[in-house]
Each structure stands twice: as C-alpha cells, then as structure tokens.
Amino acid sequence: MITKNSVDNEAIHWDQDISYGQYLDLEPLLACQNPASSEHDELLFIVIHQVSELWIKLCLHEAHGAAQHIQNDNLSPAFKMLSRVSRIQEQLIKAWEVLVTMTPADYASFRDSLGQSSGFQSYQYREIEFLLGNKNAKLIEAHRAKPKHYQKLQACLNAPSLYDIVLQLLARRGFNIPHDKVERDWSVPYTASPDVEAAWTDIYRNSEQYWDLYELAEKLVDVEFNFQRWRFNHMKTVERIIGYRRGTGGTAGVNYLVKALDLQFFPELWSVRTTI
C-alpha cells in the first residue's frame with residue numbers, strides 16, 4: 001500500500017517529457033471501444049476481440065522473427081520467439097473464459113448490431129494461419145476490398161510457411177527431404193511425406209545428436225497444440241452462447257469450427273509419435 005509519506009520520499013517525475021499515456025497512445029487506444037448499442041455486455045465483446053487482435057499482432061511479430069532466424073540457421077533466438085508465441089497463445093485461450101460469462105440472452109441483445117461482421121474476416125488471424133501453413137486462397141477474398149490487407153495476405157499465401165522453412169533447414173542439414181517439399185507452389189497446402197516423417201524419426205531417436213532440431217520440433221508442437229486448444233475453446237464458446245445458429249459472417253457457426261479442429265500444420269510431428 002502506498003502512503004503519503006512513501007510517495008513523498010520517491011523521486012517521482014511529475015513533469016514528464018513523455019508520459020505513460022503518451023508512450024502507449026492510451027487516448028486513441030481507449031477511444032476505440034464504440035458499442036453500437038446501449039447493451040451492457042457489448043463492451044465486453046468488443047474489448048475481448050480487440051485485445052485478441054493485439055495479441056495476434058504480437059504473435060505475428062514473433063513468428064515472422066522466428067521464421068527469419070530459422071531460415072538463417074540461427075535457432076537459439078527462434079526458440080525464444082516460439083516460446084513467446086506459445087505464452088501469447090495462453091492469453092488468447094484465457095480470453096474465451098472471460099467471454100463465456102456472457103449468456104445467450106446477453107449476446108442476443110446486441111447481436112444484430114454486428115451486422116455481417118465476423119471474426120472470420122480477421123486479416124491478422126488469416127495471416128497467422130497462412131504463416132503456420134493453413135493455406136487456402138479462397139479465404140482472402142473477404143479482404144479484396146481492402147488492398148493493403150489483400151496484398152499482404154497474397155504475399156503470405158505465396159511465401160513458404162514456417163514449416164516449409166523448417167524442412168528447408170533439414171534439407172540443408174543433410175536429411176533426405178524430397179525436392180517437392182522444399183521447392184513447390186507455396187500457395188498450396190503442405191501434404192505429409194513418409195520421407196519427412198523418417199527424417200523426424202531420426203531426429204527424435206537421436207535427440208542428443210540433433211538436439212537443436214529436436215528442440216525446434218517440440219517448440220513447433222507447442223505452437224500447434226495451443227492453436228488447437230484455442231480453436232476448441234472458440235468452438236465451445238460459440239456453442240455455449242449461440243448454439244448451432246449460423247455465424248454473423250455467414251459460416252455454419254459451430255459446424256464450421258468443428259471442421260477446423262481436423263486441420264494440422266505440422267503433420268509429421270504428430271505421426272512421428274506413433275513411429276517412435
């Protein structure tokens with residue numbers, strides 16, 4: 001507890017060149033919450049989604065940084081960045097626990113205010129999916145009207161995913177990675193390969209020899225594991241609040257989200273567990 005005397009004894013800068021609020025741009029940041037209705041719970045809905053977008057922004061910053069380091073065979077800083085992505089994902093998962101305090105009636109009271117807006121239209125979420133390997137050219141059409149976002153997603157769609165970059169590293173390290181896995185049309189989803197699984201099997205069975213690659217593999221598994229947890233919690237939150245109604249963006253709602261649970265980013269890192 002801060003008392004008057006304790007404050008008096010501190011060398012506090014009352015006149016700042018730059019204040020906390022200025023450094024963080026708090027005035028414009030806190031002016032971004034503009035409910036379209038007078039319903040109490042709409043502010044909760046807006047804040048949760050805005051905070052999630054900020055966390056995704058940081059996820060992208062760290063994941064792109066990790067990809068660059070992996071491309072340069074500089075794995076130590078990549079490990080730190082991927083670990084940070086996993087910690088950020090924990091925050092995204094926890095956000096659903098706050099949102100589920102909203103009842104179906106609470107959400108129904110302002111749902112019409114959303115119009116056709118939907119999390120499906122999040123260009124940052126689409127970018128992180130593309131970076132992790134869930135490539136689907138159709139999904140960027142929702143952003144065609146916004147050239148800046150559309151062009152960025154086009155670039156990400158046509159660039160190697162994080163896993164593609166990792167497989168290129170394995171090939172450079174001397175593992176037998178098929179040529180069509182390291183040079184291909186990056187806009188097409190990756191498909192699993194027995195040769196790639198064999199390479200990971202070698203790494204896992206000889207982890208002391210290939211410790212950095214073994215650790216890299218486990219960092220990737222952490223990221224995908226948390227991504228699946230996020231997807232599952234998203235699906236159960238939607239089911240709890242709107243049941244099986246269609247989403248505001250036109251998707252099938254829960255049924256659409258259930259299908260996403262079957263998608264994998266790094267398939268051999270899961271199948272190798274059966275092999276070893």
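V47 sits in helix α4, where helices are DSSP runs of H or I with at least four residues, numbered from the N terminus. At 33% relative accessibility, V47 counts as partly exposed, a label for anything between buried (under 20% relative accessible area) and exposed (over 50%), using a 1.4 Å probe and protein chains only. The model is predicted, so to speak of local features takes a pLDDT of at least 70, side-chain atom pairs count only at pLDDT 80 or more, and totals for chains, interfaces and linings use all residues. Residues are numbered from 1 along each chain as its sequence is written, and side-chain values use heavy atoms, with hydrogens and water left out.

I46 also has its place in helix α4, which covers residues 42-71. I46 is buried, because its relative accessible area is 15%. Setting aside neighbours within four places in sequence, I46 touches Q33, N34 and P35, a contact being heavy atoms within 4.5 Å. An unreviewed UniProt entry lists both I46 and V47 under "binding site", along with F45, I48, H49, Y107, R111 and T248; such annotations may be inferred rather than shown by experiment.

Helix α4 also packs against helix α7 (residues 123-132), at an angle of about 30° and with the axes 9 Å apart. Axes here are lines fitted to C-alpha atoms over the stretch in contact, and angles run from 0 to 180 degrees between N-to-C directions. That makes α4 roughly parallel to α7, the term for angles under 35 degrees. On the α4 side, the contact involves residues including E53, I56 and L60, while α7 brings in Y125, I128 and L131, among others.

Note on methods:
Helix = DSSP H or I, 4+ residues; strand = E, 2+ residues; numbered from the N terminus. Parallel < 35°, antiparallel > 145°, perpendicular 65-115°, else oblique.
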